[in-house]
Amino acid sequence: MNGNSHVPNFAHRTDRDFRGLRRFAGVCVAVAVLCGFGRIAAVAPGGAESATQPTEIPPGKVVSPTKALKYVGVGGCSAAACHGGPLTTEPSRLWNCSYTIWASQEPLALPENRSLKTADHAPLIDKHNRAYAVLLDERSKRIVQLLDHLPTTDAATPQKDARCVACHSVPHDPTTVPVAILADGVGCELCHGPAKNWLAKHTENRWIDSYHTGKYEPLPDMTDTRSLLSRARICAGCHVGSSGDTDHLVRDANHDLIAAGHPRLDFEFHAFLGVMPKHWFDGPDKPGSPAVKPGFKTDRETHAKAWAIGQVVAAEAALNLLAHRADENDDKDSMRPWPEFSEYDCYACHHQLDGKYPSSLQQSAKRRSGPNRLGSLPWGTWYFPEVEFLIASEPFGKWSEGFGQPLAELKTQTAKPIGSLDRTTIHISAAKAAQAMHRLADRLAEATFDPTAVDRLLLRASDEHFAPGDWDEATQRLLTLEAIWKARQFFQPQRGVSPSKDEQAIADGLDKIREKLQFPAANPEIEPSTDPRRLNPHFDSPNGFDAEVVRIKLFEPVFVRIRRLLAGDEPK
Amino acid sequence: MKVRKPSMKHYAATLVAAASVLGIALGLAELGISADADPAVECPGVGKPESQYMGADSCALCHTKGDAARAPSKLATLDEFSIWDHRDKHRIAFKSLQSPRALAMEPLLGMNPGDAAKNRQCLACHAINLTDKSAGATLAGDEKSQRAAVAQGVSCEACHGRSSLWIDRHWKKGEWSGLKPPLAEQRYDQYGMANLRDPVRRTELCLSCHLGNIACGKFVTHDMFAAGHPPLPAFETEAFLEQMPPHWQPVPPLSRTRSVALEGLVALRASVRMLADANRLPGGQAGDFAIYDCAACHHELQIPSSRQLPGHFGGAPGRPPLRSANIVLATAAIGPQSTSDGRITPSPLDAAMARLQTATRGRPFGEPQAIEAAATAVISQLDEAIMNVQGKPLADQNPRHVIEQLCRAGAATALDYESAWQLTGSLRAVVSDWQQLAAAKGSAKFDPKIQSSIEELSELVHFPSPPESSTAPRPANRGTLWENGADFDSEQFRKKLGEIVKLLDSR
């Protein structure tokens with residue numbers, strides 16, 4: 001898509017998603033009450049009939065975030081002497097252009113060998129800066145028009161809609177936030193914390209010294225973004241979703257929103273980090289090279305650790321969101337839909353029926369026994385398979401025992417036919433499973449992903465019994481393999497020397513899987529635009545995906561080579 | 001739905017049924033892949049509670065050789081069994097339960113190999129309905145003849161009713177055969193023979209399998225479709241009858257027009273009953289997606305998507321909508337309502353349907369209570385509309401008017417493939433009625449242009465051509481819904497309907 005086979009995006013998918021639409025998670029019905037349904041009453045199309053439709057839900061109570069507005073806007077960060085300085089690739093000066101990198105509207109053209117990326121991450125636009133801007137485009141208006149039954153797209157104002165700004169900008173009631181600050185999109189403070197109370201303090205030498213000597217402590221309201229764990233939790237708040245609290249509105253990109261045109265969410269922390277131009281320095285990208293400046297943490301484990309933490313944090317966020325969706329007593333958005341289809345495998349339903357018998361699903365159906373039996377909705381196919389894999393593979397020996405139990409219990413409850421789901425039980429079990437994930441994530445943050453652990457993960461990920469039930473599982477496994485493979489390459493002492501035959505074949509094999517898993521263009525005859533801002537028409541589902549074919553033809557050859565490589569049996 | 005009170009006789013029959021050798025002899029599987037029949041509901045084409053299935057061979061004794069002269073009535077030519085046996089696809093319905101596809105479906109449904117051919121729910125539509133265990137849904141004879149009777153597929157009694165009470169009576173002159181209408185009809189009711197000349201009963205009977213009837217134990221569930229059961233395409237009585245080798249005598253003129261005027265109402269009523277019945281199943285209708293529009297979920301996702309345009313979801317993105325089949329025919333049957341000042345208003349049915357649609361969208365799969373109330377209201381509207389049409393004499397049917405109503409209703413709706421297919425079937429039947437009438441009266445009013453326009457519509461929906469002769473072999477499968485509907489162009493179809501309306505107006 002963008003000509004760089006190493007970019008871990010899903011071609012057009014992630015391109016598009018990062019443009020910000022992905023972040024259009026909403027408070028849905030809760031705040032619809034404020035800014036949607038209130039409006040409907042005034043402009044209901046079709047007169048009284050449609051205004052009385054039960055789809056237009058009677059107002060539930062809205063809990064608005066109470067944390068006082070402490071946002072100053074990106075203008076507080078962007079001075080040339082602060083974070084808006086000239087672009088540089090000098091690690092020790094990155095802090096000076098972190099705003100500049102975030103704000104760039106063009107792909108950053110940086111010297112080939114000294115790019116901001118660690119080794120193989122291509123420079124891209126940071127789409128967070130456009131998160132608000134996309135709310136002004138036709139597609140966003142259409143989404144709100146459809147959700148709220150508005151007569152025209154012009155009647156829709158996503159930029160003032162709490163369901164939208166909850167992720168696309170400051171997560172507060174948009175009527176209480178100055179438009180100038182809202183318009184920053186996902187600006188500095190959305191990740192680093194509202195700066196009113198720390199803006200001045202963090203420029204004082206005392207704090208800067210503490211930062212550089214490693215005794216760094218976030219100031220009040222400031223978020224610790226250096227730790228992978230805390231970073232992943234920030235991302236997941238929008239990219240997975242979250243129930244509302246005193247800090248932010250409910251963020252829920254549910255099936256209604258997706259059906260109206262919002263992209264589905266499919267967050268994977270390690271891959272997402274890879275497509276974001278880094279405005280920070282994680283550490284040297286070569287093992288053994290000296291830390292750039294004393295006090296800089298050299299995080300050599302980024303790939304494996306980001307993958308593991310990201311998986312578990314995403315699962316935790318997804319479980320908390322499910323607990324919220326299932327909670328009948330939580331009246332923040334009391335009329336949110338239930339059952340909630342976005343909990344399930346999108347493509348279990350969303351595939352064309354073409355009359356061919358047997359279909360690939362029917363052919364591989366024997367593999368989908370139990371909860372995922374044919375005709376049922378498989379739950380949690382995106383967020384949980386790799387977490388289960390991580391727990392089962394025990395990269396640190398007997399270590400994660402017991403963490404998977406609450407999730408397993410929840411799975412027996414979500415496996416019931418959708419009409420027989422027990423909402424209360426699911427609410428309780430999901431919250432319990434989320435707590436287990438929280439503890440697991442905390443534990444992973446303390447763990448060391450040394451070469452032994454990485455090899456162990458790689459070997460287990462290449463297990464011959466791996467049989468993806470659907471596109472979600474296949475894609476998640478690809479992302480796992482990519483992350484762990486990178487982690488392994490990092491540890492190779494002969495790194496930089498030309499790779500062995502098997503190593504090259506594994507890298508090529510992973511690229512081939514990635515290519516195969518990308519969704520096809522809607523019309524193969526139209527040359528896709530290379531402008532990352534243009535939305536190319538494409539399928540948003542893996543048209544023609546066949547799990548068995550992908551397993552046998554693509555995964556298995558890579559697995560064989562990985563197993564051989566790790567066993568040291570590579571033929572000379 | 002008529003609910004009959006269980007009588008003592010009924011309970012006696014229940015005991016007989018329980019003790020019957022049938023279940024044991026056939027080894028009927030009790031897998032509960034869908035609900036059993038509700039004994040309190042009168043099912044189309046079943047017969048009296050205490051009556052038994054006798055098997056098609058009992059009918060064959062008289063209805064095989066063909067001897068119209070010997071027949072006690074003009075309704076029969078005594079070759080009905082042979083026609084069905086040699087050329088009717090209903091005859092081979094049981095075989096498909098032993099087909100490779102059925103064998104492949106069994107494990108996916110948790111069934112043991114070979115169980116499909118023994119399963120009551122499968123047999124209910126592929127042979128005879130034995131799901132009504134508490135009533136006298138039993139089969140006479142020893143094990144061998146029982147097996148043979150079931151293996152004959154959808155045989156005589158599957159449609160005409162269990163025959164033990166009438167098989168020895170229906171041919172007797174004076175007692176039944178040859179009686180004038182009101183008396184003959186009384187006999188049907190008295191002994192539980194299905195009066196299939198009544199278009200309402202006939203349509204309900206066909207629909208009980210071709211659409212489904214949960215209360216009567218006939219329901220192709222989503223699990224069955226997912227395991228490989230072919231889709232049930234939208235049903236249109238006249239079109240389906242046209243594909244059957246007729247083992248009945250020609251119907252009087254205008255009968256088909258009346259059938260069209262009634263069938264949409266009957267079919268919509270049957271589908272709303274399905275929704276209401278599914279709503280009462282454990283887990284509600286959310287428990288079975290088969291009630292809903294297949295293509296609403298089953299489509300590739302695309303960006304940009306024509307689905308994400310106003311009006312596409314009936315104003316509720318993300319909530320599964322009901323199937324739209326049957327609605328347009330019912331709307332056409334009722335026709336537009338105009339107020340005293342000449343404005344066109346929605347009919348009471350339209351309003352009731354809108355409330356039902358809304359009830360299914362308040363949340364995914366709707367609120368069960370709202371659905372119950374709204375479905376009841378729609379059914380009572382339809383009951384009334386059906387009575388209205390039935391109350392009119394046959395001679396009052398006006399094919400030209402019915403064609404116009406059908407075309408106008410179709411042109412005004414966002415027609416999907418299934419509805420367009422149904423509409424085409426109805427139009428074909430009425431236009432042939434009109435043509436016959438015109439030919440008989442020597443009237444010049446019939447415009448062959450209309451007929452050719454309807455032929456063009458038929459091509460747009462890949463309508464099957466009628467069998468070439470009455471002795472043609474069993475018709476081929478007409479392709480699945482998905483294959484035939486893949487290239488359907490709603491705009492083009494509706495444009496053509498508009499042209500027909502113009503043609504009619506110009507005369």
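## Chain A at a glance

Let's start with how chain A folds back on itself: among its contacts between residues at least 6 apart in sequence, 74% join residues at least 24 apart. The model is a predicted one, and in it chain A has 22 helices and 1 strand. Of the 572 residues in this chain, 56% count as buried.

P468(A) is 78 residues away from D546(A) in sequence, yet the two C-alpha atoms are 9.7 Å apart. D546(A) belongs to the loop between β1 (538–539) and α22 (547–567) of chain A, and with a relative accessibility of 18% it counts as buried.

## Where the two chains meet

Turning to the interface, chain A contributes 52 residues to the contact and chain B contributes 43 residues. Together the chains bury about 4000 Å², and 60% of that area is on carbon and sulfur atoms.

How many salt bridges does the rule find across the interface of chain A and chain B? There is 1. R319(B) and D256(A) form a salt bridge, with their closest N and O atoms 2.4 Å apart.

## Salt bridges within the chains

Over all chains, a search of the whole structure finds 39 salt bridges. In chain A, one of them pairs D502(A) with R564(A), at 2.9 Å from N to O. D502(A) sits in helix α21 (residues 501–517) and R564(A) in helix α22 of chain A, so this pair ties together parts that are 62 residues apart in sequence. The two ends are placed as follows: D502(A) is buried at 1% relative accessibility, while R564(A) is partly exposed at 29%.

Chain B has a pair of this kind too, between R269(B) and E204(B), with N and O 2.8 Å apart. This pair links distant parts of the chain, as R269(B) is in helix α13 of chain B and E204(B) is in helix α10 (residues 199–210), 65 residues apart. Both R269(B) and E204(B) are buried.

K496(B) counts as buried at 17% relative accessibility, whereas E499(B) is partly exposed at 34%. Elsewhere, salt bridges with shared partners join E204(B), R269(B), R273(B) and D383(B) into one network.

## Helix packing in chain B

Helix α22 also has a packing partner. Helix α20 (residues 448–460) and helix α22 (residues 490–505) of chain B pack at an angle of about 170°, and their axes are 10 Å apart. Because of that angle, α20(B) is roughly antiparallel to α22(B). By class, the contact of α20(B) with α22(B) has 9 nonpolar, 2 polar and 3 charged residues. From α20(B) come K449(B), I450(B), S453(B), I454(B), E456(B), L457(B) and L460(B); they meet Q492(B), F493(B), K496(B), L497(B), I500(B), L503(B) and L504(B) of α22(B).

Another helix to look at is α15 (residues 327–334) of chain B, where V328(B), L329(B), A330(B) and A332(B) are buried. The buried residues of α15(B) pack against four helices of chain B: α13 (255–280), α16 (348–359), α18 (399–411) and α19 (417–441). Just after α15(B) comes G335(B), with a positive phi of about 75°.

## Backbone points to check

Most residues other than glycine have a negative phi, and most peptide bonds are trans. Which residues stand out for a positive phi? H149(A) has a phi near 55° and lies in the loop between α5 (138–148) and α6 (162–168) of chain A; H149(A) is buried, at 11% relative accessible area. In chain B, L78(B) has a phi near 65° and lies in the loop between α3 (56–63) and α4 (80–87); L78(B) is buried, at 7%.

There are cis peptide bonds as well. W338(A) and P339(A) are joined by one with omega of about 0°, and P339(A) is in the loop between α13 (302–326) and α14 (346–349) of chain A. In chain B, the bond from I303(B) to P304(B) is cis with omega near -5°, and P304(B) is in the loop between β1 (302–303) and α15.

Technical notes. Residues are numbered from 1 along each chain as its sequence is written. Chains are lettered from A and ligands numbered from 1 in the order in which they are written. This is a predicted model: local features need pLDDT of at least 70, side-chain atom pairs count only at pLDDT 80 or more; totals for chains, interfaces and linings use all residues. Side-chain values use heavy atoms; hydrogens and water are left out. Buried means under 20% relative accessible area, exposed over 50%, partly exposed in between (1.4 Å probe, protein chains only). Helices (H or I, at least four residues) and strands (E, at least two) are DSSP runs, numbered from the N terminus. Contact means heavy atoms within 4.5 Å. Axes are lines fitted to C-alpha atoms, for helices over the stretch in contact, and angles run from 0 to 180 degrees between N-to-C directions. Angles under 35 degrees count as roughly parallel, over 145 as roughly antiparallel, 65 to 115 as roughly perpendicular and the rest as oblique. Ala, Val, Leu, Ile, Met, Phe, Trp, Tyr, Cys and Pro count as nonpolar, Asp, Glu, Lys and Arg as charged, and the others, Gly among them, as polar. Buried area is the accessible area (1.4 Å probe) that two parts lose on being put together, summed over both. A salt bridge is a side-chain nitrogen of Lys or Arg within 4 Å of a carboxyl oxygen of Asp or Glu.
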